[in-house]
Amino acid sequence: MKSSVGRDWALRLLVFSAAVGLWELFVRYSQNFLLPSFAEISSALFRLFLDGRFWKALYISNQALLLGYAASVVVGIPLGLLAGRFRWMDRLLNPYVGVLLAMPVAPLIPIVIIALGLGLSSRVFIVVLFAFIFITVNTRAGVRNVEASLIEMARSFGASESQIWRRIVIPGALPAIFAGMRIGLGRSITGMVMVELLLVASGLGRLLLEFSGRMQSDLVFATVLAVIIEAIALLTAMQAIERRIAGWAPDSSIG
Amino acid sequence: MIKVRGLSKEFGTLHNGSSGVLALSNIDFEVRDNEFLTVIGPSGCGKTTLLRIIAGLIPYDQGEVAIDGRPVTGPGPERAVVFQNFALMPWADILTNVTFGLEIRGTPKAECRATAKELIKLVGLEGFEQRLPKELSGGMQQRVGLARALAVNPQILLMDEPFGSLDEQTRRLLQEELLNLWERERKTVVFITHSMDEAVMLGDRVMLMTPRPGKVKEMIDIPLNRPRSREVEKSGAFLEVKEYLWQNLRAMQVSES
């Protein structure tokens with residue numbers, strides 16, 4: 001186990017170095033003075049971390065992320081549970097699920113802003129639109145994949161519907177729920193940045209617009225990198241929780 | 001005593017009246033207290049359906065199924081089921097799996113644990129309490145299934161091809177252990193199988209079923225003394241009953257294919 005973890009990290013590092021190397025080569029030969037080298041991006045990232053405006057922007061963006069993601073979880077999981085367990089609910093939701101999965105969310109942003117204004121609520125709503133359906137779909141699949149024989153077993157001991165939920169359906173679906181929450185988190189972060197870039201200029205999106213307006217491409221890249229670092233940190237934390245709670249199951253995510 | 005009278009069950013009946021597949025047709029039989037009844041028949045004879053009806057897991061259309069005179073309307077505390085695919089919760093350790101039935105029935109935690117530990121010992125899995133099912137072999141997993149069923153101290157044990165997915169050696173070992181266990185506990189057992197050896201080795205009687213629709217062909221007494229050991233397999237009576245079953249099953253199989 002230990003050695004495979006070591007090998008994983010060695011490989012990851014290798015891929016990372018290769019990507020950085022290719023980037024450096026591309027920048028050098030493209031002669032495009034607007035493309036920052038990796039070293040420039042790194043130093044920009046460092047400057048960004050020392051800049052109070054960055055932390056302020058991060059704080060503002062994360063408000064929308066936190067609220068939107070929490071709402072996505074609170075809405076997405078129960079819907080998925082119901083759709084997974086009850087046929088009629090599934091039939092009712094199915095067309096909407098299809099629409100929500102296929103629909104590009106970005107073009108809807110102006111409409112949401114017309115409806116909800118330029119404030120926090122618009123940003124939160126967009127994050128929810130980006131994320132919740134993936135949580136729902138994964139939760140539904142998780143419930144569906146709970147072995148019918150386990151439910152039958154529980155019933156054979158006289159389990160009530162609520163006991164079946166608590167003891168069989170939810171624990172059985174937990175790995176898929178977590179997978180959905182991970183995908184949902186990624187989508188939330190995308191949504192958060194997207195809405196700030198496209199219309200509600202605030203937080204990290206506003207910072208990005210400012211930097212690109214001033215052609216400070218190194219800072220643009222650094223900001224994107226900072227978002228990626230945050231995403232990786234959050235996803236890693238989530239995976240650690242997942243492994244503790246639902247470590248019995250192999251990974252099974254949809255999205 | 002389990003009493004089944006005129007039992008019929010149809011699958012896939014639609015609301016518009018078009019009829020589905022008749023799984024069981026006019027089944028009549030009784031299982032006496034402390035009797036070990038084995039049920040054998042080709043696939044499609046509805047033996048598993050019959051067991052699930054007795055377990056109260058699925059409804060039936062016609063007839064009567066009663067336990068000690070009370071009609072079966074759902075699962076009950078006097079019955080416990082052992083499933084073919086073990087039906088263990090993959091996220092829960094062995095101890096939790098064994099206490100499941102007790103906990104569902106509201107037994108206090110401490111008592112659950114004590115009973116479960118006793119039964120885990122009885123099925124020879126002491127020391128495996130904290131393991132997950134996936135860490136155990138198929139044979140061990142079914143021991144867990146058996147312990148879970150016995151933990152609720154049922155009067156009737158309903159076993160649905162419990163050793164069907166195990167390899168030959170493991171199956172034989174578990175058959176012997178089940179025999180020993182039954183000698184001590186004398187539960188009423190309904191045991192579904194597709195193995196003729198198993199049917200004769202374990203049962204007091206074998207119920208032979210025919211397929212499409214599932215019917216009782218014959219109830220056959222097994223004239224073998226108890227307690228039984230592997231030695232009975234060499235006896236004339238064993239071979240005779242087995243041969244008789246084979247002749248019947250062979251005829252059904254031939255007419256099918």
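1. In which helix of chain B does B:Cys112 lie? The helix is H3 of chain B, which spans residues 109–122. The coordinates examined here are those of a predicted model. B:Cys112 is a buried residue, because 21 other C-beta atoms lie within 10 Å, and the cut-off for burial is 20 or more. Leaving aside residues up to four places away in sequence, B:Cys112 touches B:Thr99, B:Leu102, B:Glu103 and B:Thr107. B:Ala151 is 39 residues from B:Cys112 in sequence, and the C-alpha atoms of the two are 8.4 Å apart in space.

2. Chain B as a whole. Its secondary structure consists of 7 helices and 10 strands. A compact globule of 257 residues would have a radius of gyration near 18 Å, and the 19 Å of chain B therefore agrees with that. Along the principal axes, the C-alpha atoms fill a box of roughly 50 × 50 × 35 Å. Of the 257 residues in chain B, 42% are buried. Among contacts in chain B with a separation of 6 or more, 69% are between residues 24 or more positions apart.

3. The sheet of 6 strands. This is an open sheet in chain B with mixed pairing, and its strand order is S6-S7-S8-S3-S9-S10. Strand S6 (79–82) and strand S10 (215–221) of chain B are the edges, each pairing on one side only. From one strand to the next, the twist averages 20 degrees. Helix H4 of chain B, residues 138–151, packs on this sheet and touches S6 and S7 of chain B. The direction of H4 makes about 175 degrees with that of S6(B).

4. Strand S3 of chain B within that sheet. S3(B) is paired with S8(B) in the parallel sense over 5 bridges, and B:Phe36 stands opposite B:Val189 of S8(B). S3(B) also runs parallel to strand S9 of chain B (residues 205–210), to which 4 bridges join it. In that pairing B:Ile40 stands opposite B:Leu208 of S9(B).

5. Strands S7 and S8 of chain B. Strand S7 (residues 156–160) and strand S8 (residues 188–193) run parallel and are joined by 5 bridges. B:Leu157 faces B:Val189 in S8(B).

6. Strand S1 (residues 2–11) and strand S4 (residues 62–67) of chain B pair in the antiparallel sense over 5 bridges. B:Ile2 stands opposite B:Ile67 in S4(B).

7. Contact between the chains. On chain A, 14 residues are in contact with 17 residues of chain B. Helix H7 (148–156) and helix H8 (161–198) of chain A each supply at least two residues of the side that touches chain B. H7(A) gives the most to that side, with 7 residues. By class, the side of chain A that touches chain B has 8 nonpolar, 4 polar and 2 charged residues.

Conventions:
Residues numbered from 1 in each chain as written. Chains lettered and ligands numbered in written order. Predicted model: local features only at pLDDT ≥ 70, side-chain atom pairs only at ≥ 80, totals over all residues. Contact = placed C-beta atoms within 7 Å. Nonpolar A, V, L, I, M, F, W, Y, C, P; charged D, E, K, R; others polar. Rg over C-alpha atoms; globule rule 2.2 N^0.38 Å. Buried ≥ 20, exposed ≤ 12 C-beta atoms within 10 Å, placed from the backbone. Pairing = 2+ DSSP bridges. Axes fitted to C-alpha atoms, helices over the stretch in contact; angles between N-to-C directions.
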